[in-house]
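Have the structure open as you read.

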Amino acid sequence: MVLAGGCAQKKSAGLARGLLGWSRKRWRQRTNYGTLRGVTEDQAAGPVLRVVFYRTEAGNEPVRLWLKSLERADRKTLGEDVKTAQYGWPLGMPLIRKLGPGLWEVRSHITGGIARVMFTVGEGTMVLLHGFVKKTQKTPPSELRIARRRLAVLREEASE
C-alpha cells in the first residue's frame with residue numbers, strides 16, 4: 001500500500017521498530033558517534049567482553065582513579081563509549097583505534113578536550129590500561145609508554 005508523501009515508508013519503519021522491541025525513545029538515543037545505545041539483537045545475548053581495570057602491584061587501579069577525577073558528565077560519556085566497545089567488539093574508527101599489537105584506544109569527546117582510554121583484549125576480557133585527556137593532536141609518547149609498560153606487565157604475568 002503506497003500513501004502520498006511517503007507515509008507508508010514511515011509506517012513500515014515504525015512497525016519494524018515495534019516488532020524488534022525498540023521504543024521510539026531508544027531509537028533516538030545515540031552516543032557521540034551516532035551508534036545506538038538501545039539494546040539491539042546483537043546485544044540481547046550480553047556483552048562480548050568483560051571489562052576490568054588494570055591493577056598495579058600495590059593494588060591501585062590508575063584508570064579508575066583518573067575517571068573519578070573527571071566531572072560526572074565526562075565519566076558518563078567515557079562509560080558509554082567503553083560500554084559500546086564492550087558490547088560491539090570488534091569496532092573500528094571513529095570510536096576505537098588500534099595503536100599497536102594488542103593495544104587499542106577508546107576515543108571520546110569530553111568537556112575538557114579529547115579523552116583516551118587505552119586498553120588490551122585477551123580471553124574475552126577488556127583491560128583498561130591507561131587514561132588521559134589529550135592536549136595536542138598527536139598522542140604523547142609518554143602516554144603510549146605507560147600503556148605499553150602496563151601491557152608488558154600483563155603479558156609477563158600471563159606467561160608465568
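Let's start with Glu61, which counts as buried because its relative accessibility is 12%. (Buried means under 20% relative accessible area, exposed over 50%, and partly exposed in between, using a 1.4 Å probe and protein chains only.) Glu61 forms a salt bridge with Arg55 and another with Arg64. A salt bridge here is a side-chain nitrogen of Lys or Arg within 4 Å of a carboxyl oxygen of Asp or Glu. Arg55 is exposed at 52% relative accessible area, while Arg64 is partly exposed at 33%.

Before going further, a word on the ground rules. This is a predicted model, so local features need pLDDT of at least 70 and side-chain atom pairs count only at pLDDT 80 or more, whereas totals for chains, interfaces and linings use all residues. Residues are numbered from 1 along each chain as its sequence is written, and side-chain values use heavy atoms, with hydrogens and water left out.

**Salt bridges**

The whole structure has 5 salt bridges.

| Pair | N to O distance |
|---|---|
| Glu61 and Arg55 | 2.7 Å |
| Glu61 and Arg64 | 2.4 Å |
| Glu105 and Arg116 | 3.5 Å |

Salt bridges with shared partners tie Arg97, Glu105, Arg107 and Arg116 into one network.

Which residues surround Arg116, setting aside neighbours within four places in sequence? Its contacts (heavy atoms within 4.5 Å) are Trp66, Glu105, Val106, Arg107, Ser108, His130, Gly131, Phe132 and Lys134. Strand 4 itself covers residues 113-122.

**The fold as a whole**

The protein chain has 5 helices and 5 strands. These are DSSP runs numbered from the N terminus, with helices being H or I of at least four residues and strands being E of at least two. From the N terminus on, the order is α-α-β-α-α-β-β-β-β-α. Of the 160 residues in the chain, 34% are buried. Among contacts with a separation of 6 or more, 45% come from residues 24 or more positions apart. The chain exposes about 10,300 Å², and carbon and sulfur atoms supply 53% of that; areas come from the Shrake-Rupley method with a 1.4 Å probe, and for residues only the protein chains shown count as cover.

Most residues other than glycine have a negative phi, and most peptide bonds are trans. With that in mind, look at the loop between helix 4 (72-88) and strand 2 (96-100), where Pro90 lies. The peptide bond joining Trp89 and Pro90 is cis, with omega about 0°. Pro94 is placed in the loop between helix 4 and strand 2 as well, and the bond from Met93 to Pro94 is cis, with omega near 10°.

Then there's Glu123, not a glycine, yet with a positive phi of about 55°. Glu123 lies in the loop between strand 4 and strand 5 (125-134), and counts as exposed because its relative accessible area is 85%.
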